[in-house]
Amino acid sequence: MASFKPTKIPLYPKLGEKVTQDTLYWKNYKAPVQIKEFGAISSIDFSPVAPHNFAVTAFTRIHIYGPFSQEPVKSFTRFKDTAYCGRFRSDGKLLVAGCEDSVVRLFDVDGKVALRMFKGHTKAVHVTDFTSDSYQILTGSDDYTCRLWDIANANELNRYKEHTDYIRCGVTSKLNRDLFITGSYDHTLKLFDARADKSVMTMDHGQPVESLLLYPSEGLLVSAGGRHVKVWDLLKGGQPLVSLKNHHKTVTSLCLSSNGQRLLSASLDRHVKVYNTTNYKVVHNFDYAASILSLALAPDDESIVVGMTNSILSIKHRKSPEESKEVSGQQRRRPSYRVFVKGKNHAPKQGDYLVSKPVKQYLAKYDKQLKQFNVSKALDTALETWTRLRKPEITVAVIKELDRRGTLKNALAGRDEQGLSRLLNFFVGNVVDPRFAPVLVTAAEMILDVYRQIIGQSPVVDRQLLRLQDLLEREIDYQQDLLEVLGMLDTMFASSLPRMAVPCPGTSRANGLAQGEAGTLRPQLQAT
């Protein structure tokens, strides 16, 4: 008796990832270095001067890390409550941070004790930044106010209370010391001029604003809030240019690449999206293990630093050219014991005997059921959730084998509402797939024939049957249209190609007779 042959699962070609310059560039990072902080990481900021240390604000501490250090080179712990928004000055010598206790503290990077304490806010301060002249500080608070402070004497210079909800983000102009922009949970962005008593421009984001970013030219402003990232043209009075909705949870942080041609956004959905600033299409995506609160890029994109809600700081360093070459060539597989003992070039001799061991055949669950002729159970096994969603080719192969055996109709029949719904759901999702259509179209016609009599008993099954019938009819129409187009193309190609005469050797083109025969026939015809 012949042994049972397992179901042959065809290997379909897979579409490889489209390799672009962005893919090569943004994938050229080492495995991330992960550092455990004391709390959720709310802010990351790189120093503008070499060696480009970065400040990490988490819980009641601000840690400063070196470019390649895994331990902080400096720590500021003189906060009574949660710290927010640690920011470097343009010379890298001073650091400012807000706090839950409403006090703004200014630190010398080389010292420990706060140089200045700015008191005036009545609630938590989430926004701090230096103005372009380095002599003033911008702050934004949950008390709905944003203020400008003089560093030298810690005096309040300006106060604006135009927002009607918490101010959670802000950015200062690097070209004009008097301009700054704030974003609030009241859904608005406001552009302020320190020489005026009120805001000079207001834009409505439509969602609570979490992050702001100015382009280097400062003609464009990017805001993030809710699931949306929006770009505004400040030179046209705050006109919205584009609205991006590529995340499925709140966007929390924004940053630009070193050349300004790529925009990065981080979200609570654990993804970092990279956009092309020419057409704002996503060109790359990073995945992380937890929701992201903060994101920063080192100068020249040498490092990507991400802070997450689980208190993990993730640092990815760019590979050197030598490391990239090493990774491109995959590691060679170590030789097996047999090759290692006898050598790679060992060849059997004439008198050698090969002692083979019988190979035990392991059958899949559906093959065992097919071997026992349990065709309905075999189809149920192939329709299990993981198989039909991740490996639909297995389900299709089992259906094809049942059809070859002539038992497909029996396997499809006799199903309850739940089993039939699961079967129809698979067919609706895959019947128009070019890989599976030749098999599933035949099976779908059988399903319609078998279950036509039960229409009207279950609204769920009725909807799926109608959907399946509609898909089949549309697929047939598409195939007919394609055949018509193919016929038109054949006609066009045939008419456009030059006609090539192919003469046979020794044959006249006029009547197909050989030259000798033609000569002998002519006198006879004349004589008659």
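Arg474 and Asp470 sit four residues apart in helix α11, about one turn of the helix; helices here are DSSP runs of H or I with at least four residues, strands are runs of E with at least two, and both are numbered from the N terminus. The two side chains form a salt bridge, with the closest N and O atoms 3.5 Å apart. For a pair to count as a salt bridge, a side-chain nitrogen of Lys or Arg has to lie within 4 Å of a carboxyl oxygen of Asp or Glu. Arg474 is partly exposed, at a relative accessible area of 34%. The scale behind that label calls a residue buried under 20% relative accessible area, exposed over 50%, and partly exposed in between (1.4 Å probe, protein chains only).

A word on the model itself: it is predicted, so local features need pLDDT of at least 70 and side-chain atom pairs count only at pLDDT 80 or more, while totals for chains, interfaces and linings use all residues. Residues are numbered from 1 along each chain as its sequence is written, and side-chain values use heavy atoms, with hydrogens and water left out.

Elsewhere, Asp193 and Arg195 form a salt bridge whose closest N and O atoms are 2.9 Å apart.

The axes of α9 (residues 417–430) and α11 come within 10 Å and cross at roughly 25°. Axes are lines fitted to C-alpha atoms, for helices over the stretch in contact, and the angles run from 0 to 180 degrees between N-to-C directions. The two helices are therefore roughly parallel to each other, given that angles under 35 degrees count as roughly parallel, over 145 as roughly antiparallel, 65 to 115 as roughly perpendicular and the rest as oblique. The crossing of α9 with α11 is left-handed, a term used if the near helix is turned anticlockwise from the far one by less than a right angle (clockwise makes it right-handed).

On the α9 side, the residues that meet α11 are Glu417, Leu420, Ser421, Leu424, Asn425, Phe427 and Val428, and their counterparts in α11 are Val460, Val461, Gln464, Leu465, Arg467, Leu468 and Leu471. Contact means heavy atoms within 4.5 Å. By type, the residues of this contact divide into nine nonpolar, three polar and two charged; Ala, Val, Leu, Ile, Met, Phe, Trp, Tyr, Cys and Pro count as nonpolar, Asp, Glu, Lys and Arg as charged, and the others, Gly among them, as polar.

Leu423 also belongs to α9 and is buried, at 0% relative accessibility. Leaving aside neighbours within four places in sequence, Leu423 touches Leu383, Leu412, Arg415 and Ile447.

Val441, Ala444, Ile447 and Leu448 in α10 meet Leu465, Leu468 and Leu472 in α11, a contact made up of seven nonpolar residues, no polar and no charged.

A few backbone details stand out. The Ala50 to Pro51 peptide bond is cis, with omega near 5°, and Pro51 is in the loop between β2 (41–46) and β3 (54–58). Two non-glycine residues have positive phi values: Cys85 near 55° and Phe373 at about 65°. Cys85 lies in strand β6 (residues 83–88) and is buried at 11% relative accessibility. Phe373 is in the loop between α4 (365–371) and α5 (375–382) and is exposed, with a relative accessible area of 67%.

Overall, the protein has 12 helices and 28 strands, and buried residues make up 44% of its 528 residues.
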